[in-house]
Amino acid sequence: MPPTDRVKRPLPEDFGPDRSGWSRPGATSANIGKQSPDASANDRSHDQAPPPGGNDTQYSDAVADSVKLAYAVIRENIAQGRAAASKFRDGEYNVREVPHDVNVLSLRLLHLTRELSRTSFDILEGILSNPRTPGATAWRPAPPHQDPRQFHPGAGPFTYDWNYTGAPVRQGPAQPDTQTIPIGCVFTGGRDAQVRSATLSRPQGPTHLALPVLASLKAGSPPIMGAAITPASGPYGVIVNVEIPNTQPAGVYGGAILDDQGYAVGALTIEVFAEAT
Amino acid sequence: MTFARPAHQGSTDPQDATVGAVLSEYGAATRQAVRHYLASDRQAPFLDDLIADYPGRGGKMMRPSICLANARVFGGRMEDAVQSAAAVELLHNGLLIHDDIQDDSELRRGRPTLHMLHGVPLAINAGDAMMLTALRPLIDNLRHLGPDLAMRILEVTQAMARETAEGQALELGWRDTNRVDLTEADYFTMVLKKTAWMGMIWPAQVGLLIGSRGAAAPESVVRFGFFLGAAFQIEDDLRNLAPDDRYGKELNGDLFEAKRTLMLLHARRVCSDPDRVRLDAFLTLRRQERTEEDVLWLAELMACQGSIDYARTVAGAMAGAAQHEFEIAYGALPPSRDKSFLAGLIPWVFERA
């Protein structure tokens with residue numbers, strides 16, 4: 001490629017390697033970038049980047065923090081790799097020992113691969129167009145001691161107390177405490193709506209929340225499916241994203257928010273307005 | 001809102017000429033080997049044309065060149081490593097096909113992505129076939145390099161495959177579960193696994209093993225590859241926000257995908273509470289529900305909050321760290337064109353067309 005064709009971006013003023021971030025207190029320019037005295041023989045790099053110590057070089061704390069973080073990441077990864085290699089050698093390695101989130105995500109990837117191997121392309125396209133991590137917001141069957149029809153879409157009327165004010169719908173063996181979490185609601189799709197009531201008790205531990213169905217008391221009105229619950233920030237605890245189809249009849253819809261054991265920990269009631277004329 | 005990029009200027013830096021010349025030479029050698037492995041006695045309909053598409057679109061050939069340069073800088077011959085370089089390029093292109101599907105990307109190297117042209121099922125099949133084809137040169141290494149060295153190359157390949165899958169799973173999972181509480185450490189972890197391992201670390205390890213006939217430690221180039229990959233990825237993410245036809249991907253595509261970039265994490269961290277609420281609401285939407293107006297708002301938020309400048313600064317810091325690690329990994333090796341090329345990749349990351 002001719003040099004004249006190259007994209008040229010002005011370099012930052014201090015583009016050159018700024019090694020002061022890895023120098024120990026008292027280091028001189030002569031030994032900057034060299035191996036630290038306490039680095040192990042097997043680890044030639046300075047993963048433990050000390051805070052800036054020299055007065056002769058100026059750079060922002062943010063940059064120093066980023067580099068330090070990056071070194072921490074690569075150090076951790078290498079440590080995990082060494083541990084895994086050691087277990088491989090000893091024949092003890094078990095994929096179940098990898099961190100939980102990576103494990104879950106890997107299982108999802110395996111699931112996708114399985115779909116690929118079956119060349120179930122229609123299924124895959126569906127996953128790609130509406131990706132969900134199993135367990136996050138997907139439908140969960142009710143526990144055995146509950147009537148599965150209560151929450152199952154299309155399996156009968158949804159029997160819900162519209163005056164519900166915060167107590168769990170059903171008593172389960174692991175009750176959440178009474179502390180509540182704020183809920184924000186986002187409506188998408190072609191229809192206007194508003195929140196009538198929203199309550200969510202703080203679960204006792206980390207859990208996935210699901211709102212599998214928002215059902216109407218009005219006979220014949222189809223339920224609203226696929227509401228997604230995601231963590232929010234600031235003053236909100238979670239955000240519920242409800243997609244309302246254009247054809248959804250006007251009316252009040254409600255549904256229970258379930259934890260990952262299938263116990264109700266909250267509820268949401270919304271009113272869908274009539275289509276604008 | 002878009003961000004103007006600096007005007008393109010011709011480079012007079014001899015270091016650049018070295019990088020460009022090496023990429024051209026090693027790219028040509030790799031393409032020849034790739035064509036060899038893609039050649040088939042009979043033309044398979046709906047497959048062979050698709051497999052040949054992405055490799056035929058060009059590409060900078062950085063990854064196979066890293067492999068070949070490492071082989072030579074550690075004392076090997078190019079002909080011993082060119083098959084492995086072909087494996088690197090084949091696997092990279094196969095993964096690109098699948099990445100484009102998973103990201104629902106529309107453009108690749110300036111043209112419609114394979115699944116946009118032929119549909120998702122055929123594109124997936126082509127990607128599968130290309131990745132399996134990449135095994136062929138690695139198997140051929142058994143004859144060329146002997147079973148011990150070939151096995152070690154397969155071992156680092158297996159490790160790379162695992163890291164890359166984990167990285168891709170992280171990025172997809174974060175998006176699918178709408179994780180908004182990510183930290184920079186999370187981002188660096190994803191970059192290490194998704195970008196650096198396949199793009200920089202693995203090619204360097206393969207070349208190093210071939211060049212040293214298995215004597216050098218593959219771990220010695222991990223940090224250099226990681227920091228080079230981090231600088232590369234951040235710059236790549238920044239370019240997605242800047243209009244440039246030569247970039248070859250859709251402008252602001254990362255924002256439509258709500259890709260967890262350093263800019264997004266920074267903007268969400270420093271913005272006001274109302275902006276954060278709006279941003280979180282934006283992130284809950286599916287790609288097709290995100291409007292141009294929303295995306296432009298987010299781009300402006302990133303600019304106003306200094307997230308663009310911040311990411312540029314961090315990319316520069318990653319380049320500095322890469323330079324530091326280069327000296328540790330390669331500093332003791334004698335001067336050579338290949339060593340200059342590897343060092344020159346660090347500034348090249350910011351200047352590549």
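## Helix pair α4(B) and α6(B)

In chain B of this predicted model, helix α4 (residues 78–103) and helix α6 (residues 120–133) have axes that come within 8 Å and cross at roughly 155°. Because an angle over 145 degrees counts as roughly antiparallel, α4(B) is roughly antiparallel to α6(B). The crossing of α4(B) past α6(B) is left-handed.

On the α4(B) side, the contact is made by B:L90, B:L91, B:N93, B:G94, B:L95, B:I97, B:H98 and B:I101. On the α6(B) side, the contributors are B:V120, B:A123, B:I124, B:A126, B:G127, B:D128, B:M130, B:M131 and B:T133. Sorted by class, this contact of α4(B) with α6(B) has eleven nonpolar residues, five polar residues and one charged residue. In general, an α-helix has 3.6 residues a turn, so residues three or four places apart point the same way.

Helix α12 of chain B spans residues 262–270 and is mostly covered, with seven of its nine residues buried. The buried residues are B:L262, B:M263, B:L264, B:L265, B:H266, B:A267 and B:R268.

## Cysteines

The disulfide count over all chains is zero. B:C304 has a relative accessible area of 60% and is exposed, since exposure requires a value over 50%.

## Chain B overall

The secondary structure of chain B consists of 16 helices and two strands. Chain B has 353 residues, and buried residues make up 65% of them. Considering contacts in chain B between residues at least 6 apart in sequence, 76% join residues at least 24 apart.

## Chain A overall

Chain A contains three helices and seven strands. Along the sequence, the elements of chain A follow the pattern α-α-α-β-β-β-β-β-β-β.

Of the 277 residues in chain A, 41% are buried. Among contacts in chain A with a separation of 6 or more, 64% are between residues 24 or more positions apart.

Methods:
Residues are numbered from 1 along each chain as its sequence is written. Chains are lettered from A and ligands numbered from 1 in the order in which they are written. This is a predicted model: local features need pLDDT of at least 70, side-chain atom pairs count only at pLDDT 80 or more; totals for chains, interfaces and linings use all residues. Side-chain values use heavy atoms; hydrogens and water are left out. Axes are lines fitted to C-alpha atoms, for helices over the stretch in contact, and angles run from 0 to 180 degrees between N-to-C directions. Helices (H or I, at least four residues) and strands (E, at least two) are DSSP runs, numbered from the N terminus. Angles under 35 degrees count as roughly parallel, over 145 as roughly antiparallel, 65 to 115 as roughly perpendicular and the rest as oblique. A crossing is left-handed if the near helix is turned anticlockwise from the far one by less than a right angle, and right-handed if clockwise. Contact means heavy atoms within 4.5 Å. Ala, Val, Leu, Ile, Met, Phe, Trp, Tyr, Cys and Pro count as nonpolar, Asp, Glu, Lys and Arg as charged, and the others, Gly among them, as polar. A disulfide is a pair of cysteine sulfur atoms within 2.5 Å. Buried means under 20% relative accessible area, exposed over 50%, partly exposed in between (1.4 Å probe, protein chains only).
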